[in-house]
Amino acid sequence: MAHLGAYSGLFIAAFLAATILPAQSEAGLAALILASPASFILLVATASLGNVLGSVVNWYLGRGINRFTSKRWFPANAQLSRATSWYSRYGRWSLLLSWVPVIGDPLTVVAGIMREPLLRFLLIVGIAKTSRYI
């Protein structure tokens, strides 16, 4: 089962699932684990790496998104407002919920807006995303 294509596909699915694009990676991971249970650790590591790197894209987007939030055409003001409020209330530990559908992606964007240090962001999001896959 050690096919590069399977791992690449899983990585891409996990990466896209962590960005603001609608995607899912859990079903693909589960199917690959069922096909090759011995590869569990490598499959979880691949999915986790892709998902964390997708969250880093969100973090970088957050670093520069403030210039657009005042625009009427900006589509995510309500989500970002809720996520910013959540992040302000609970701080960086709210990133432990970065794996949760609907709220996780905006939280990672807000971490960039709030200038969360990248290394701390990587540690917390890495723990959350890997735990979810396990």
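**Ground rules**

I number residues from 1 along each chain as its sequence is written, and I leave out hydrogens and water, since side-chain values use heavy atoms. The model is predicted, and local features need pLDDT of at least 70, side-chain atom pairs count only at pLDDT 80 or more, and totals for chains, interfaces and linings use all residues.

**Salt bridges**

I searched the whole structure for salt bridges and found three. A salt bridge here is a side-chain nitrogen of Lys or Arg within 4 Å of a carboxyl oxygen of Asp or Glu.

I looked up Arg132 and found a salt bridge with Glu26, with 3.3 Å between the closest N and O atoms. This pair links distant parts of the chain, 106 residues apart: Arg132 is in helix 6 (residues 118–133) and Glu26 is in helix 2 (residues 26–35). I take helices (H or I, at least four residues) as DSSP runs, numbered from the N terminus. Glu26 counts as partly exposed because its relative accessibility is 33%.

Next I looked up Arg92, which forms a salt bridge with Glu116; the closest N and O atoms are 3.0 Å apart. This pair also links distant parts of the chain, 24 residues apart, with Arg92 in the loop between helix 4 (77–90) and helix 5 (104–113), and Glu116 in the loop between helix 5 and helix 6.

Is Glu116 buried or exposed? Glu116 has 6% relative accessibility, so it counts as buried. Arg92, at 30%, counts as partly exposed.

Glu116 also forms a salt bridge with Arg120, where the closest N and O atoms are 3.6 Å apart. Arg120 has a relative accessible area of 35% and is therefore partly exposed. I noted that Arg92, Glu116 and Arg120 are linked in a network of salt bridges.

**Largest pocket**

I looked up the largest pocket and found a volume of about 560 Å³. A pocket is an open set of points on a 1 Å grid over the protein atoms alone, where a 1.4 Å probe fits, with protein on both sides within 12 Å along at least five of seven lines; lining residues have an atom within 4 Å of a point. The volume is the space filled by probe spheres set on the points, which are joined across faces, edges and corners.

The lining has 29 residues, and the closest to the centre are Ala17, Thr19, Ile20, Asp105 and Pro106. Which helix gives the most to the lining? Helix 5 does, with four residues.

**Surface patch**

I found a nonpolar surface patch of about 430 Å² made by Trp93, Leu96, Leu123 and Ile127. Such a patch joins nonpolar side chains (Val, Leu, Ile, Met, Phe, Trp, Tyr) within 5 Å, from residues with over 30% relative accessible area and no salt bridge. Accessible areas come from the Shrake-Rupley method with a 1.4 Å probe. Leu96 lies in the loop between helix 4 and helix 5 and is partly exposed, with a relative accessible area of 35%.

**Positive phi**

I looked up Val102 and found phi near 75 degrees, a positive value in a residue other than glycine. Val102 lies in the loop between helix 4 and helix 5, and at 63% relative accessibility it counts as exposed.

Arg115 has phi near 60 degrees, also positive in a residue other than glycine. I placed Arg115 in the loop between helix 5 and helix 6; at 44% relative accessibility, Arg115 counts as partly exposed.

How values were computed:
Helix = DSSP H or I, 4+ residues; strand = E, 2+ residues; numbered from the N terminus. Buried < 20%, exposed > 50% of the residue type's maximum accessible area, 1.4 Å probe, protein only. Patch = residues over 30% accessible without salt bridge, like charges linked within 9 Å, V, L, I, M, F, W, Y side chains within 5 Å.
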